[in-house]
Amino acid sequence: INAEYGNPSLKAAPPAAATPPRARFFTKIFSGCPLNINCAGVWTHPSKDDTYVLLGTEQGLYTLNTATKDDPTMIILSSKRVTWLNVYDRSNWLVTISGDHTYVYSHNLLLLHENVKDEERQVVRKKLMASQRLNETRGVKKACAGVNPYTRQYTCCVLTPSSFLLYLWQPDRVRFECIKSLPAPGPDYNPPLFENIIRSDEPYPSICVAVYQGEGRLILENVNMNGSSVWAGQQHTSAPLPVNTLTQIEGDTVLLGFNNQAMFVNREGIQKQSVRTRSSLTYSVPISSVVCLEGGVLGFHKSGMEGRSLQTGRVEAEVRDDTKVFRLLSSARMIILESRVAAETTNSSNLYVLTSRLNE
């Protein structure tokens, strides 16, 4: 499955005869994927309007055109190992953590796909420079990226063994540039979280690196990339909460997922209050990630998914199959889910996308 050895693409396995019960919520987009997937994202081609699923895997960066339903094929874009990726909304730019000696790379998705077309047509010409390495990011441990809704700036925050780095996209130079560096607590520092928190009154994001239980509220421990002082962390008497999801839904609303709960808090960690919707939901099993949809929150777990209503707290949608192991790969613009047979450890996987709303 490595392009360097003459097999640059992967064909989907023939579909099984039976349609699984989960098909009412999810549509299968690829059968029998042999790749070890670490992350995923979605990109829409600006002129064709075709939607591509991008997969960051141990074997490289792959692309899958979801419009080719009859003969889905994964095509390799880069043979470098990819452990994290982010597609910038309404743009053609992707950032990844790639390589064995990890760096952050920026990629022009149009050029990456154009290079693939040249290979398919056997067009011999110099490959277009589609990827750039951010040289200061060697040994990167974590990264988070996004678009500031107030300034429309593309940002990328990076943790290396020595520093917190802030990159901004420079349109006139067509590249990311590092504009700020703060010392990290030490080379062994590896926080449980690394997610953007954006405020309207600050030009740059803060990075939430942990969440703790406080007196009557949660404590969101942030590294403020707007400051200039050395950040050394805070002293806590308890371990951080096992938060698996932290998503800023809107200006002062943050969705957290941990244990068997989903909770909405403000940026200060105080639970949100509303007369119309619930500020927290409790699931029947421990969840590995949560996604907020209109009217409800999906809680994903090892055996499937449980969707609960924000109005009533009741289960409105459920997928459960104890013979399978499920994993949420992405919830940015499109929910992408992977399933494997639970009894096997080296088997191939199937990929699905969400096609139904919670309340349908």
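Predicted model: local features only at pLDDT ≥ 70, side-chain atom pairs only at ≥ 80, totals over all residues.
The chain contains one helix and 28 strands. Of its 360 residues, 50% are buried. Among contacts with a separation of 6 or more, 46% are between residues 24 or more positions apart. The accessible surface of the chain is about 17,800 Å², and carbon and sulfur atoms account for 47% of that area.

Two open sheets can be followed strand by strand. In general, the strands of a sheet pair through backbone hydrogen bonds, in either a parallel or an antiparallel way.

Glu-338 and Arg-327 meet through their side chains, with a distance of 2.8 Å from N to O. Glu-338 belongs to strand S27 (residues 336-341) and Arg-327 to strand S26, so the pair ties together parts that are eleven residues apart in sequence. How covered are the two partners? Glu-338 is buried, with a relative accessible area of 2%, whereas Arg-327 is partly exposed at 32% relative accessibility.

The other open sheet also consists of four strands, here in the order S22-S23-S24-S25, and its pairing is antiparallel. Strand S22 (289-293) and strand S25 (315-320) are at the edges; because each has a single partner strand, one side of each is left without a neighbour in the sheet. The twist in this sheet averages 15 degrees from one strand to the next. S22 is joined to strand S23 (residues 296-301) by five bridges, and these strands run antiparallel. One of the residue pairs here is Val-290 with its bridge partner Gly-299 in S23.

S20 pairs with strand S19 (residues 253-258) in the antiparallel sense over five bridges. Two residues lie between the strands in this hairpin, and Asn-259 takes a positive phi near 50 degrees. S20 is also joined to strand S21 (residues 280-282), by three bridges, and again the strands run antiparallel. Which residue of S20 illustrates both pairings? Ala-262 of S20 is the bridge partner of Gly-257, and Ala-262 in turn has Leu-281 of S21 as a bridge partner.

Glu-268 forms a salt bridge with Arg-199, with the closest N and O atoms 3.7 Å apart. Glu-268 is in the loop between S20 and S21, and Arg-199 is in the loop between strand S15 (195-197) and strand S16 (206-213), so this pair ties together parts that are 69 residues apart in sequence. Glu-268 is partly exposed, with a relative accessible area of 39%. Arg-199 is also in a salt bridge with Asp-201, where the closest N and O atoms are 3.1 Å apart. Arg-199 counts as partly exposed at 24% relative accessibility, while Asp-201 counts as exposed at 55%.

The total in the model is eleven salt bridges. Some share partners: Arg-173, Arg-175 and Glu-177 are joined into one network in this way.

The cysteines remain. How many disulfides does the whole structure have? A search finds zero. The cut-off for a disulfide is a pair of cysteine sulfur atoms within 2.5 Å. The sulfur of Cys-144 has its closest cysteine sulfur in Cys-157, at 4.5 Å, which is too far for a bond. Cys-144 counts as buried, at 4% relative accessibility. Cys-156 is likewise in no disulfide, and its nearest cysteine sulfur, that of Cys-157, is 6.9 Å away. Cys-156 is buried too, with a relative accessible area of 0%.

How values were computed: Residues numbered from 1 in each chain as written. Heavy atoms only, no water. Pairing = 2+ DSSP bridges. Axes fitted to C-alpha atoms, helices over the stretch in contact; angles between N-to-C directions. Buried < 20%, exposed > 50% of the residue type's maximum accessible area, 1.4 Å probe, protein only. Contact = heavy atoms within 4.5 Å. Areas by Shrake-Rupley, 256 points an atom, 1.4 Å probe, with all protein chains shown as cover. Salt bridge = Lys/Arg side-chain N within 4 Å of Asp/Glu carboxyl O.
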